[in-house]
Amino acid sequence: MIIDDAHYDVIIVGTGAGGGTLAQKLAPTGKKILILERGEVMPLEEQNRSNVDIFKKELYHAPEQWFDIAGEPFAPQTKYAVGGNTKIYGAALLRMRERDFEAVTHHEGVSPEWCVKYADFEPYYTEAENLYQVHGTVGADPTEPPHSADYPYPAVGHDPQIEEVIGAIAAQSLHPASLPMALTRQTDDPTNDSEVSGINPALQHPNVTLKTSATVTSLHTNPSGREVKAVEAEIGGQPYLFLGDIIVLACGAINTAAVLLRSCSEACSQGLANSSGLVGRNLMKHRLSSVVQLSKPNSGKFQRSVYVNDFYWGEEGFDYPMGHIYNTGGLLQDIIFAESPPVLSVLAKMMPGFGLQQMATRSIGWWVQSEDLPSADNRVRVDSKKLYVEYTPNNTEPHERLVYRWTEVLKTAEKGMDKSLLQMSGRHPSGEMPLSVVANACGTCRFGEDPATSVLNPDCRTHDVDNLYIVDGSFFPSISATSPALTIMANALRVGDRLIERLK
């Protein structure tokens with residue numbers, strides 16, 4: 001065991017939406033900060049998706065195996081790199097809706113109330129939107145929550161391929177809105193991420209140190225288990241110990257839970273911060289399906305730009321939330337869509353001789369995303385060195401209704417459109433993403449007031465351990481139907497303010 005001879009005020013584990021955002025927030029304090037990242041800097045040629053064949057899925061899968069509820073192995077679509085999963089996300093940064101912070105009755109159960117409300121998050125949403133240079137427009141979406149300020153940059157324009165589609169959708173008394181996007185406008189890597197806006201600014205401060213290829217394996221506490229004294233990591237095949245006063249986990253909801261469960265001791269036999277027995281439980285990851293239209297040839301490499309929330313809270317005759325719809329952008333740069341070749345294969349059968357790349361450049365894609373509900377049976381579990389993701393989808397009927405409803409919207413839209421834009425096949429194949437797509441995983445260390453029913457307090461400090469915080473998606477008690485990235489960033493800024501007070 002090699003013991004690092006430095007002592008840090010704060011150790012942050014992970015550089016994604018939570019860890020990277022928190023690092024830039026704390027860097028100006030002058031406190032000695034260590035950031036540990038298990039990956040390396042992602043090569044620019046992989047970041048610029050115009051140069052990458054996204055159907056080579058191994059580029060965006062972790063080099064390890066996890067196991068499902070049946071014990072079958074799978075390779076998770078998650079990125080270990082400086083910037084974490086924000087290096088491969090779609091850069092759409094949406095706020096949760098006001099009502100998402102309250103208890104909401106769904107078709108199959110209740111989405112629980114948050115202990116912190118939208119009004120508490122709102123200034124941090126605004127701060128995060130400015131930090132990540134979000135391009136958007138307020139007002140077109142009837143579900144849009146109150147904003148204290150407009151987006152810092154105007155919304156991106158729609159690609160000509162979908163401009164007419166959007167008009168035909170709006171003609172059905174629906175409200176397509178510009179998708180808020182985090183952009184740098186740089187040609188070599190136009191999407192903004194937590195390396196660009198989090199880690200790089202933090203490293204401009206001499207008090208901040210980043211160590212890459214550092215895989216954290218466990219946390220070591222004092223004899224009572226009430227305080228973390230050291231972080232153990234493996235670097236170059238050697239175990240290292242790093243000593244710090246405040247420890248922040250931001251490894252992603254699945255890996256953070258795994259670190260805690262592996263940090264057993266005499267005082268914490270079921271894992272660290274797990275007196276409630278809830279570490280790893282209540283895993284959520286969205287119901288996510290792709291729906292594809294045939295189109296005339298396109299580049300396959302244009303920005304996603306539009307979303308529709310008219311069915312977010314349901315529709316006439318179905319008074320339960322259904323979810324959120326947004327376009328994929330060009331299918332050759334949507335990394336999640338790399339998991340959907342069977343959808344394109346349905347179209348390819350109609351056009352013999354076409355491969356995945358050719359079908360992708362003759363298609364317009366849509367994502368249909370619905371909330372799944374927390375369940376204690378959906379969980380992360382570790383057994384020896386194996387990591388299990390035991391997940392059974394729920395809230396199925398609202399998601400299936402939304403896929404069907406959106407397909408009908410597209411069919412109606414196509415009837416009145418220029419036939420030169422869309423090749424009228426009458427077919428809109430769809431497919432749900434497999435378990436391996438874990439980018440939106442949340443909920444494994446939920447926050448709340450009661451230590452018996454939550455792992456973290458409202459400030460995202462563990463109830464059991466005084467100096468241990470979590471700022472990735474683990475803290476979510478419910479996931480909403482919107483993508484969680486902006487809420488993770490906003491929460492990291494909120495927790496950052498609490499830590500700045502504590503560090504004074």
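Are lysine 504 and glutamate 501 buried or exposed? Lysine 504 is exposed, and glutamate 501 is exposed as well; the two return in point 6.

1. Basis. The model is predicted: local features need pLDDT of at least 70, side-chain atom pairs count only at pLDDT 80 or more, and totals for chains, interfaces and linings use all residues. Residues are numbered from 1 along each chain as its sequence is written, and side-chain values use heavy atoms, with hydrogens and water left out. Buried stands for under 20% relative accessible area, exposed for over 50%, and partly exposed for what lies in between (1.4 Å probe, protein chains only). Helices (H or I, at least four residues) and strands (E, at least two) are DSSP runs numbered from the N terminus.

2. Strand 2. Strand 2, residues 33-36, is covered on both faces. Ile33 and Ile35 are buried on one side, and Leu34 and Leu36 are buried on the other. In a regular strand the side chains alternate between the two faces of the sheet. Strands count as paired if DSSP finds at least two bridges between them. Strand 1 (residues 2-13) runs parallel to strand 2 and is joined to it by 4 bridges, with isoleucine 12 opposite isoleucine 35. Strand 10 (residues 208-211) also pairs with strand 2 in the parallel sense, over 4 bridges; here leucine 210 is the bridge partner of isoleucine 35.

3. Helix 6. Of the 10 residues in helix 6 (residues 253-262), 9 are buried. Among them are Ala253, Ile254, Asn255 and Leu261. Contact is taken as heavy atoms within 4.5 Å. The buried residues of helix 6 pack against several strands, including strand 3 (66-67), strand 11 (214-221), strand 13 (238-249) and strand 21 (468-470).

4. An open sheet of 6 strands has the order 8-15-16-17-14-20, with antiparallel pairing. Its edge strands are strand 8 (177-178) and strand 20 (430-432), each of which pairs on one side only. Strand 14 (residues 287-294) and strand 20 run antiparallel and are joined by 3 bridges; serine 289 stands opposite glutamate 432 of strand 20. Helix 4 (residues 160-170) packs on the sheet, touching strand 14, strand 15 (306-308), strand 16 (324-327) and strand 17 (363-370), and its direction makes about 50 degrees with that of strand 17. Helix 7 (residues 341-350) also packs on the sheet, touching strand 14, strand 17 and strand 20, and its direction makes about 20 degrees with that of strand 14. For these angles, axes are lines fitted to C-alpha atoms, for helices over the stretch in contact, and the angles run from 0 to 180 degrees between N-to-C directions.

5. Serine 194. This residue lies in helix 5 (residues 194-202). Serine 194 is buried, at a relative accessible area of 0%. Its side chain makes a polar contact of 3.0 Å with the side chain of threonine 86. A polar contact is a pair of N or O atoms within 3.5 Å; within protein, one must be able to donate a hydrogen and the other to accept it, and residues adjacent in sequence count only if both atoms are side-chain atoms. Leaving out residues up to four places away in sequence, serine 194 touches Thr15, Gly16, Ala17, Gly20, Gly83, Thr86, Tyr132 and Ile199.

6. Salt bridges. The whole structure has 23 salt bridges, each a side-chain nitrogen of Lys or Arg within 4 Å of a carboxyl oxygen of Asp or Glu. Glutamate 195 and lysine 87 form one of 2.7 Å, N to O. This pair links distant parts of the chain, 108 residues apart: glutamate 195 is in helix 5 and lysine 87 in the loop between strand 4 and strand 5. Glutamate 195 is buried at 9% relative accessibility, and lysine 87 is buried at 3%. Glutamate 122 and arginine 95 meet at 2.9 Å, N to O, and both are buried. By contrast, lysine 504 and glutamate 501, which meet at 3.0 Å, N to O, are both exposed. Lys25, Glu127 and Asp497 are linked in a salt-bridge network.

7. Positive phi values. Alanine 91 has phi near 70 degrees, a positive value in a residue other than glycine. Alanine 91 sits in the loop between strand 4 (73-74) and strand 5 (104-106) and is buried, at a relative accessible area of 1%. Asparagine 282, also not a glycine, has a positive phi of about 65 degrees. Asparagine 282 lies in the loop between helix 6 and strand 14 and is buried at 5%.
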